[in-house]
Amino acid sequence: MVNSLPTAQGLLPFFLAYIWLIPMFPLAGAFLMLLFGRVVRKAVVSAVCVGSVAISFFFACGAFLQLIARPADERVAQVILFEWVPAGVYHLQSGALGRFVADWGFLLDPLSAVMILVVTGVGLLIHIYSTGYMAHEGGYYRFFGYLNLFMFSMLMLVLANNLLLLFVGWEGVGTCSYLLIGFYFHRKSASDAGKKAFIVNRIGDAGFLLGIFLTSAVLGTIRFTEILPALTVSNLPVGAPVLTAIALLFFVGATGKSAQIPLYVWLPDAMEGPTPVSALIHAATMVTAGVYMVTRTNAIFQHAPFAMEVVAGVGAATALFAATIGVLQNDIKKVLAYSTVSQLGYMFLACGVGAFSAGIFHLMTHAFFKGLLFLGAGSVIHAMSGEQDMRKMGGLAKKIPITYWTMLIATLAIAGIFPFAGFLSKDLILGKVYEHGLLLWLVGYFTAGMTAFYMFRLIVLTFHGQSRVEHDVEHHIHESPKSMTIPLIILAGLSIFGGWVGWPEILRGSNHFVHFLAPMITSVQEARVPASEAAQAHLGEVELMLLSEGLVFLGILFAWFLYLKRVDLPEKIKAHTGGLYKLVYNKYYVDEIYDAMFVNRTKDLATSLGSFDNAVINGMGVDGAGWLTRYISTLSMWWDTWIVDGSVRLASRLIWLVSQVARMFQTGLVQSYMLVIVIGVVGFLSYYFWVLRHLHS
Amino acid sequence: MPYLLPVFYGIVIVLVLPLLAGYIVLLERKVMADMQARLGPMRVGPHGLLQPIADALKLLIKEGIIPAQADRWIFLAAPLVSVTMALLAYAALPFGPVFQIADLDIGLLFILAISSLGVYGIVLGGWASNSHFSLLGAMRSAAQLVSYETAAGLALVSALLLGGSLSMKSLVEAQDQAGAWFIFFAPCGFFIYLVASIAETNRAPFDLPEAESELVAGYMTEYSGFRWSLYFLAEYANMIVVAGIATTLFLGGWLRPLASFHGHILGTPIEILDIFPVIVFLGIGGYCFWRAPRQPVQIQKLVMVLFGGLFLVLAMVMFGSLFVPAAMPGIHGAFWFIAKVLVYLYAFLWFRFTFPRYRFDQLMKLGWQFLIPLALTNVLGVGVAQVLRQQLGWNAFAAFGLTLLATMGVAAWLITLGDRRDRLAAAAPAGGD
Amino acid sequence: MIPVTHYIFLSLALLTIGVIGVLTRRNVIVILMSIELILNAVNINLVAFSRMFGQVHGQVFAIFIITDAAAEAAVGLGIIIALFRNRETVLADEMDILKW
Amino acid sequence: MGTAPIALQYGFFYFFAGLAILCAILMVCGRNVVHSAIFLIGSLLATAGIYLQLTAEFLFIVQVILYVGGIMVLFVFVIMLVNLDVASRQRQFNKQVWLAVLLTIVLGGELGLMTHVDGSIFNSVNAPQALPANTNEVATALFQTYMLPFEIASIMLLVAMVGAVLMAKRRGA
């Protein structure tokens, strides 16, 4: 199985050689579930699924350790099982010979190593959590089967060694997200949300697919390991329009998958799915696939400065935009969803300014604390027996302490309080952005404050103040079972310490994480950063940290004051700024605008097309064809009956007649036979004489 | 002139033959009477010497009946066919060195062919008379003739091998040169031909076609008068023919017995043995004159004297011919020939009165299972003997004695075989034909 | 000497008559006899040719043909007897078992 | 007979030829089978006469002995065995008689025409030379030149005899 490896060294260590097994375990689990899950008990289901994910997590850890055990320049392991799409050789625009080959290959390098750790780790925790959360739900095996299938797809996405295989995983996670959002398919809103997610993702995927095509057409390869050499070979100048196009198309895909403007609208609705799904797919892993992909192809992006600018701009805009919406949401999961969108915007902002490793760093930490937040929210909803509206909560801190504390930690992390994980990653990003330009920095800065505000608004509304819980759910509020709380605790720990791998040098740390990812990032960017700014950036960094900390604390105080001390104020504000409030509260009517602009137009187009279809295609085309066919067939039936069959019958009749004649010869009487002989002799002799006459004349 | 002599001979034969036949009948009756210790015909003429003429007249004036259902023309033609064929055969019979109508170089075959045609007279007559007796008789005779013709032909082949020719004349001459009659070389052949010839002429004990006790008179049942006599004539003519064939082939034809002995009377070219015919005729004539006075009636005395005179005349002819070398061989040859024929015919009569009649299947068995194989063996033996004698220069009697013994052995084996077959047939449940 | 064509025409006439007999008569025995007639015509030709060429081979062939005629007659008559035994008829057009 | 004057030769020939043809016609047309047989015998005998006129004495004898004395006797025998008066009272000719007669006459005409196509062998050798009495030659040819055919013919005769016996035998006998 360990066949020709492009990397220099010979035989790979065990775990690196068998990285291709990591996705296979969940796949096996998924198969077992979707085929036999119906007939086995829940214990078996949870054992199989959690076990499979645990095994793949174990393999991932082994692979990671064996990878970092190698020298920094050899930290790449590629296993190609077999050639999937055979190689097609063709000429590129540059005249060079392109060799497009998509193989079933697995690539493990620092980037994917981080990703598989996040995916399998968080995935494992969420699986464990789900066993408790879904314990009383129907379709238990179905849920876990989908979940395992998602794990497989995500790991394929992460471990793919070429764009096409990555796209396979990409589509796989999309499908799984559709299935899981619509898990409660009996609820129309759920199935609608699933469809919405799926369709919106289609738009992005189309862009991504075009990007892949363009890549193979321009660079002649879709292997990640060969993209950079191909770029250098095809001496395209930095900022070549082709590369820009490719990058933009990739980014369209990323916006679709990672819920950026303008394609973010599906993510809030995706909250219809079970909370673990929201945690795993729509907070921790899938939605970050876009960031991963952009980072994976950063070489192209770095050669397309304009695209980088677009990415940064969109990221910043999304971050601010989503944050503003999040401020006024009452549904606890919606708040978290918008915060996710905004955090993803942060990541893209980082990527846009070239701080890919910062983006990935934030991705990791975000996976930790946002997953924790969602799980906590899930725990709260569990305790509130399905209630999601924060206005009907409050004062739960005493009743569900573990949830409270863990969520508090996560909130502090996302708000960016020193020294939680979020602080390190966010401030790394902000620093890079500050180096890049002031406007974007201001946006990010402000967004950080708003994040702190709405997150603490969530905490306060949920856990503090007097309870607004309805009476019938009041009495059986209870702490979640161990299977749910233990993952919370673990994630809380990660939210605290998980970010310390990226402790900045400025604080006497050595940024291991960035150095670890450094080989992944092509350094075209350095040219664009003047040395002088790089020199003064160090001074700016500490100030920026202090500034953001200040703003964050301001936001926290604001929230505390607004929603705990003066509870009447929000209503007043609402009354005074009615229009704005309404606008923000209704999410800027984006859905309505989309409906008006695209969806209804699409529907109108569809209706007109449908009518056209009915009138022309069906009416004239299909029905006409049918009509024509019917009459032709009647005609041909007539033909068949009278000409074809007729000829057949005629033939048989003729044969019958001939045989009637022939029968007369077969009398069985010797003498008639002899008469025939005589006839033959006479004929022969006559012919002989005839010939003779012609011979002599 | 070349055509005159044969025509003369023909006329003579056609005139003499019926008379001869009649007297053979008389002879037959006399012999029968003698064997049965009777006198036989005595009334018509002295010792019934005119009996044949009387019978001939009676038959000629009798009414000829034609059955209503008969096939007329065939009924009329059949006896003629018989007689014609019987008489045609004489065309090749050498009564003497010169006394022969036509010396065909295939004379023997000619005779066989003609005699084989004689059967049609019988068959057609039997069929045409439209009577079951006749038909059965005809079929019997047809089967019989066809069967025994084979045996007879094969028996004759042995003589042909010895003679090396088909012409009767040269056959006799061959015997003359050989110094011995062929009967001494191939006695088996002669014996087979004897039996076969009896069967061919429908004589007892093979006279099934006209077996009185079974079918009234066989193929002649419906015949009467002249036509009946024609059949009769044909039968006796055939007897003479087969006798002549046997005589020619086996008994040395016209050759005098001991032909190689040439003892002359002193001072004369006359051989002693040539006197013998004269003595015979003289004796007969003398006997007639001696018996003449003892006849009861006057006319009989006269007739007796006439006969005596006739034989005296014959004696004179014989004696006179001794001094005419041109005519002598012919006349004496004729004498000897007829003498041998009469001897042969005597054997016929003898058999007739001593043997009981065969059953038809016995007849067929005898013909097919005994005579024909034996004849084949005989032909083979004679051929081998010829080779031994001519190629290897054996002594003639040694060679022929050897082959004779071999043939005898085969004959014995065939007889035992036939006996066993009969026993098996008797043991097995009677079935089939 | 008589030219050979005379004999040929004689045998031709016999052949024609024999063929007519074979083709038209109903009695099987007559048919057999007609066949004999045809063979006979052939023999005439052979003998005439042997005379014409001054060789005896023609006669030898005639002998062979006569032998064949004998064999054919024997077998044919045996067939006729068996047939008569089984079907009580000697008419050719009542024997059409060949058809089935 | 080969040495007879030419007029006599022609006389013999035409007499026997006419006899043969006449008997043949009567044989074919006759209603009574026995008559047919008799006429056939006549025809065969006439043919034998033709042989004699052709100085083929041996063949003449063979014809008489074998054909007339053997085969035809068999025929007559069988005719009497299976004699059917009904047969003689029935229709003698089958349905195809006229067509057959016509065709056969056409055939005969064509065959006769064959002898007159120029370049045919009959015109080339037109005067048969006299063949002496030739039984010996026939025998030589038969037993030396045609030894093997002779043996084969004899074996064929044997087979035919056995076959005839078997066929004529009644079943179970």
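Residues are numbered from 1 along each chain as its sequence is written, and chains are lettered from A and ligands numbered from 1 in the order in which they are written. Because the model is predicted, local features need pLDDT of at least 70 and side-chain atom pairs count only at pLDDT 80 or more, while totals for chains, interfaces and linings use all residues.

The model scores ipTM 0.75 and pTM 0.54. Where pLDDT is low, the predicted coordinates should not be read in detail.

Chain A contains 27 helices and two strands. Helices (H or I, at least four residues) and strands (E, at least two) are DSSP runs, numbered from the N terminus. Of its 697 residues, 49% are buried; a residue is buried if 20 or more other C-beta atoms lie within 10 Å of its own, exposed if 12 or fewer, and partly exposed in between, with C-beta atoms placed from the backbone. Two residues are in contact if their C-beta atoms, placed from the backbone, lie within 7 Å. Among the contacts in chain A with a separation of 6 or more, 81% are between residues 24 or more positions apart.

One residue of chain A, A:F348, lies in helix α15 (residues 332-352). A:F348 is buried because 29 other C-beta atoms are within 10 Å. Leaving aside residues up to four places away in sequence, A:F348 touches A:Q260, A:V291, A:V311, A:V314 and A:G315. A:V291 is 57 residues from A:F348 along the chain, yet their C-alpha atoms are separated by 6.5 Å.

Chain B has 14 helices and zero strands. Of the 433 residues in chain B, 45% count as buried. For contacts in chain B between residues at least 6 apart in sequence, 76% join residues at least 24 apart. Helices α11 (residues 298-321) and α12 (residues 328-354) of chain B have axes that come within 9 Å and cross at roughly 135°. Axes are lines fitted to C-alpha atoms, for helices over the stretch in contact, and angles run from 0 to 180 degrees between N-to-C directions. α11(B) is therefore oblique to α12(B); angles under 35 degrees count as roughly parallel, over 145 as roughly antiparallel, 65 to 115 as roughly perpendicular and the rest as oblique. This contact is made by B:V317, B:M318 and B:S321 of α11(B) with B:M328, B:I331, B:H332 and B:F335 of α12(B).

Chains C and D meet through 59 residues of chain C and 74 residues of chain D. On the side of chain D that touches chain C, α3(D) gives the most, with twelve residues. By class, this side has 55 nonpolar, 17 polar and two charged residues. Ala, Val, Leu, Ile, Met, Phe, Trp, Tyr, Cys and Pro count as nonpolar, Asp, Glu, Lys and Arg as charged, and the others, Gly among them, as polar.

Helix α1 of chain C (residues 4-24) packs with α1(D) at an angle of about 10°, with their axes 9 Å apart. The two helices, α1(C) and α1(D), are therefore roughly parallel to each other. Their contact comprises twelve nonpolar, two polar and no charged residues. Between chains A and C, nine residues of chain A are in contact with nine residues of chain C.
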